[in-house]
Amino acid sequence: MIDYNSRRIMLIAGPCAVESWEQIKEVAQVVKEAGIDILRGGAYKPRTSPYSFQGLEKKGLELLNRAGKEFGLKTVTEVVDTEVLEQIMSYVDILQVGTRNMTNFSLLKKMGRLTANTQMPVIFKRGFSATIEEWLLASEYITSAGNSNVILCERGIRTFETATRFTLDLNAIPVVKKLSSHHIIVDTSHATGHSDMVLPMSRAAIAAGADGIMVEVHPNPAKAMSDGAQSITPPQLLELVAALKPVAESVGRKI
Ligand code: PEP
Ligand code: MN
């Protein structure tokens with residue numbers, strides 16, 4: 001389904017959370033127009049505060065699935081716990097494990113077991129306080145349970161720095177390339193927390209050898225129900241893809 005062996009950069013874009021049909025449709029449309037194959041959208045949101053928007057849950061999965069079908073896009077959403085794993089597997093093409101669940105080993109084992117037959121891709125985010133070694137070892141809970149189709153995702157780690165939401169550890173890219181055969185992508189939205197930093201850090205990630213980029217897009221970031229400050233607009237997504245093309249080519253990759 002996704003051509004992992006090519007030199008093509010894997011681009012993934014979509015809203016932090018699916019909020020409505022109008023919202024996901026508008027984003028899916030520009031994702032398609034940008035030539036991107038994979039639409040992201042959170043349905044179950046693991047929020048820091050229990051009082052923040054928790055996602056549309058099943059309704060969100062239905063809307064993401066519909067947008068994927070209408071626009072011919074693959075879809076990815078985060079699995080927050082074992083309870084919703086099978087339900088989510090029936091709606092999307094790719095599963096995501098979030099930073100807060102990197103060490104949820106019972107979830108990882110069950111995910112590996114249930115996807116062993118299909119080898120459904122799993123985007124496995126680095127815990128924001130995890131070393132690279134801990135992250136790679138945790139990924140083996142999925143692979144040793146039967147699914148080797150893991151895509152590692154660097155999404156920023158916690159440091160003393162407060163100017164950005166997290167600190168993007170670009171070092172992780174060459175380290176993972178040396179230690180692992182998995183692909184590594186970079187989520188430049190969560191890593192920075194600021195929409196104006198998404199483009200420069202996406203360029204940097206591709207230049208450093210990343211196999212893909214994940215970004216959050218919202219038609220009206222100021223009104224987003226989650227992560228508006230780091231979400232780029234549809235026109236900015238088109239600009240981003242255009243800006244990344246020459247960088248990809250300069251390192252022997254294509255978009
Ligand atoms: C997300 O991608 O929606 C998300 C919550 O990211 P992270 O787990 O990296 O915080
Ligand atoms: Mn988000």
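The lining of the largest cavity divides into 10 nonpolar residues, no polar and no charged. Here Ala, Val, Leu, Ile, Met, Phe, Trp, Tyr, Cys and Pro count as nonpolar, Asp, Glu, Lys and Arg as charged, and the others, Gly among them, as polar. The model is predicted: local features need pLDDT of at least 70, side-chain atom pairs count only at pLDDT 80 or more, and totals for chains, interfaces and linings use all residues. Residues are numbered from 1 along each chain as its sequence is written, and side-chain values use heavy atoms, with hydrogens and water left out.

**The cavity**

- A search of the whole structure finds 1 cavity of 30 Å³ or more. A cavity is a set of points, on a 1 Å grid over the protein atoms alone, where a 1.4 Å probe fits but cannot get out. Grid points are joined across faces, edges and corners, and the volume is the space filled by probe spheres set on the points.
- The largest cavity holds about 40 Å³ of space.
- Its lining consists of L11, I12, A13, I36, I213, V215, L237, L240, V241 and L244. Lining residues have an atom within 4 Å of a point.
- β1 (10-14), β8 (212-216) and α9 (234-250) each supply at least two lining residues. Helices (H or I, at least four residues) and strands (E, at least two) are DSSP runs, numbered from the N terminus.
- α9 gives the most to this lining, with 4 residues.

**Helix α9**

- The 17 residues of α9 should span 24 Å at 1.5 Å a residue, and its end C-alpha atoms are 25 Å apart, which agrees. The expected span is 1.5 Å times one less than the number of residues.
- α9 bends by about 25° at L244, and a proline, P246, follows within four residues. The bend is the angle between axes fitted to the seven residues ending at a position and the seven starting there.
- P234, L237, L240, V241, A243, L244, V247 and A248 are buried in α9. Buried means under 20% relative accessible area, exposed over 50%, and partly exposed in between (1.4 Å probe, protein chains only).
- An α-helix has 3.6 residues a turn, so residues three or four places apart point the same way.
- The cover over the buried residues of α9 includes β1, α1 (21-33), α8 (198-207) and β8.
- Just after α9, G252 takes a positive phi of about 75°.

**Helix α2**

- α2 has 14 residues and reaches 20 Å from its first C-alpha to its last, close to the 20 Å expected at 1.5 Å a residue.
- Its buried residues are G60, L61, L63, L64, N65, A67, G68 and F71. Their cover includes α1, β2, β3 and α3.
- N65 counts as buried at 18% relative accessibility. N65 and L237 are 172 residues apart in sequence and 21 Å apart in space, C-alpha to C-alpha.
- Just after α2, G72 takes a positive phi of about 65°.

- E57 is not a glycine, yet its phi is positive, about 55°. E57 lies in the loop between β2 (38-40) and α2 (58-71). E57 is partly exposed, with a relative accessible area of 38%.
- D227 also has a positive phi of about 55° and is not a glycine. The loop between β8 and α9 holds D227. At 18% relative accessibility, D227 counts as buried.

**Two loop residues**

- V79 sits in the loop between β3 (74-78) and α3 (82-89). V79 counts as buried, at 0% relative accessibility.
- Beyond four places in sequence, V79 touches V84, L85, I88, L95, Q96, N101, L107 and M111. Contact means heavy atoms within 4.5 Å.
- V79 and R165 are 86 residues apart in sequence and 23 Å apart in space, C-alpha to C-alpha.
- S129 is found in the loop between β5 (122-125) and α5 (132-143). S129 is exposed, with a relative accessible area of 59%.
- Leaving aside neighbours within four places in sequence, S129 is in contact with E134 and R158.
- S129 and T159 are 30 residues apart along the chain, and their C-alpha atoms are separated by 8.6 Å.

Technical notes:
Chains lettered and ligands numbered in written order. 1 Å grid on protein atoms, 1.4 Å probe; cavity = no way out; pocket = protein on both sides within 12 Å on 5 of 7 lines; lining within 4 Å.
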